[in-house]
Amino acid sequence: RSDIKMQFKLSVWNLKLSDAGIYTCEYGTHEVRTSLHIVSLTISLDGHFLQNEAPELILIQNSSNPLPDLSITLFDSNNNRVTPEIQNKNLQEYILNLKKLETMDSGTWVCQIHSDSPPINQNISFAVKVLGFQNPDLERKYATVDSTVILSWHPNSQKIKWKKGFTGQLNWKQQEGAESHELLDFNVTAEGQLHVTKKSNNLLFEIPESKPESTIEVKLPKVHFNHSGQYQCQLEYQGRHAQSKIELVVMKVSANPAGPLSRGDSVTLTCRVSGPLAPNAYLSWERVNGTKMDIKNSKQREVKLEVNVSTAGLWSCHLIEDSDKKISFHYHVEEASVWINNVIIGASIGGSLLAFALGCLCIISGVNWQRRRQRAKRMAQARQHLLENKTCQCQQ
């Protein structure tokens, strides 16, 4: 691993820690000594990490002279200074534990090594690749019943030019602790080609054909209320996992009683979301082009809100988070037609008259029945009286 060139130059490549020491050049009676100090820096997992994994750096030095106490400074891919936790077992080996990585930490890092005696100022660069998602750790998506929604995850494999194959899957469950359903799985080749396979028919969903490269998508063409829940996309590489979750919240509105609103009546509108909601989210009912009196708000995080409506028109239920309307559901309360109201009024009056007539008929029938009963009683008494008189005459 060495080569002697003209002018007494010695080149050594593929240096090892054992190459450290004193190198002597002799020319006649002249002798020149050079001390070679070797520093080795290694990074765990060969620099290939999943998001939320914490790297470990090991720096080892070797020299024939007493080993110096090194000052170590780290800079991440964005040239921000990083303060690691240093475990200084001895002057020969330094173990540096870093914080958990995010996808934005991918890139070239620099380790600066400094010593006053012997004078050392050395920069060692090393590559860090963090495989994960460009999505937030937890994302909420809102939809109304019967609408269309697309859920998307964006692995950063192409962005960081990840050349090693990994696999993944997309699971759905309605709530924590519920049974999980695998919707699809996928794998990525070393060339970056994405292959997706649909796994479940429990949910009516589609895999969009046209989508950005290296994107995992599912499409719900007609959302049901029970399609809400947690959709978790998971990456797997060498037995390790990284995941990103989207919480789908679905809103629906119902009316009781359903149908047109008659004059003088009221209807109860119910707005319900599948939840859970963010701590600063609430529901609100309002009548479009109405007044402040037509607005009703729920308490924070309540997933159900009812309002009694006696005025026809367009009513809207909003899900509001941080003063931002995340989603709205409109419901039109129809007013019954004039002829329907007249029919209802006529039917009410006719029913009242009919009831009055039936009542009068019952009273008249009762009176006649009472009279017939009294007449029959009097006739029976008269017959009894006659019988008593005849009996008396016979005895005389």
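Predicted model: local features only at pLDDT ≥ 70, side-chain atom pairs only at ≥ 80, totals over all residues.

Trainee: OK, so which residues line the largest cavity?

Mentor: The search over the whole structure turns up 1 cavity of 30 Å³ or more. The largest cavity has a volume of about 50 Å³. Going by that 4 Å rule, its lining is Pro155, Ser157, Phe166, Phe186, Val188, Gly192, Leu194 and Ser214.

Trainee: How many of the lining residues are nonpolar, polar and charged?

Mentor: Phe186 and Ser157 are among the lining residues. Phe counts as nonpolar, while Gly is put with the polar ones. Sorted that way, the lining of the largest cavity comes to 5 nonpolar, 3 polar and no charged residues.

Trainee: On to salt bridges. Which residue does Lys199 pair with?

Mentor: The closest N and O atoms of this salt bridge are 3.8 Å apart, and the cut-off is 4 Å. Lys199 sits in the loop between strand S18 (194-198) and strand S19 (216-220), and its partner, 14 residues apart from it, is in strand S17 (residues 181-188). That partner is Asp185.

Trainee: Is Asp185 buried or partly exposed?

Mentor: Buried means under 20% relative accessible area, and exposed means over 50%. Asp185 has 22%, so it falls in between. Lys199, at 47%, gets the label as well. For Asp185, the answer is partly exposed.

Trainee: And in the salt bridge of Arg33 and Glu31, what is the N to O distance?

Mentor: Arg33 is exposed, with a relative accessible area of 59%, whereas Glu31 is partly exposed at 45%. Their side chains meet in a salt bridge, N to O, at 3.4 Å.

Trainee: What about Asp294: why does it count as buried?

Mentor: Asp294 is in the loop between strand S23 (281-287) and strand S24 (296-297). Leaving aside neighbours within four places in sequence, Asp294 is in contact with Trp285, Glu286, Arg287 and Trp315. Buried means under 20%, so Asp294 counts as buried because its relative accessibility is 17%.

Key:
Residues numbered from 1 in each chain as written. Heavy atoms only, no water. Helix = DSSP H or I, 4+ residues; strand = E, 2+ residues; numbered from the N terminus. Buried < 20%, exposed > 50% of the residue type's maximum accessible area, 1.4 Å probe, protein only. Contact = heavy atoms within 4.5 Å. 1 Å grid on protein atoms, 1.4 Å probe; cavity = no way out; pocket = protein on both sides within 12 Å on 5 of 7 lines; lining within 4 Å. Points joined across faces, edges and corners; volume = space filled by probe spheres on them.
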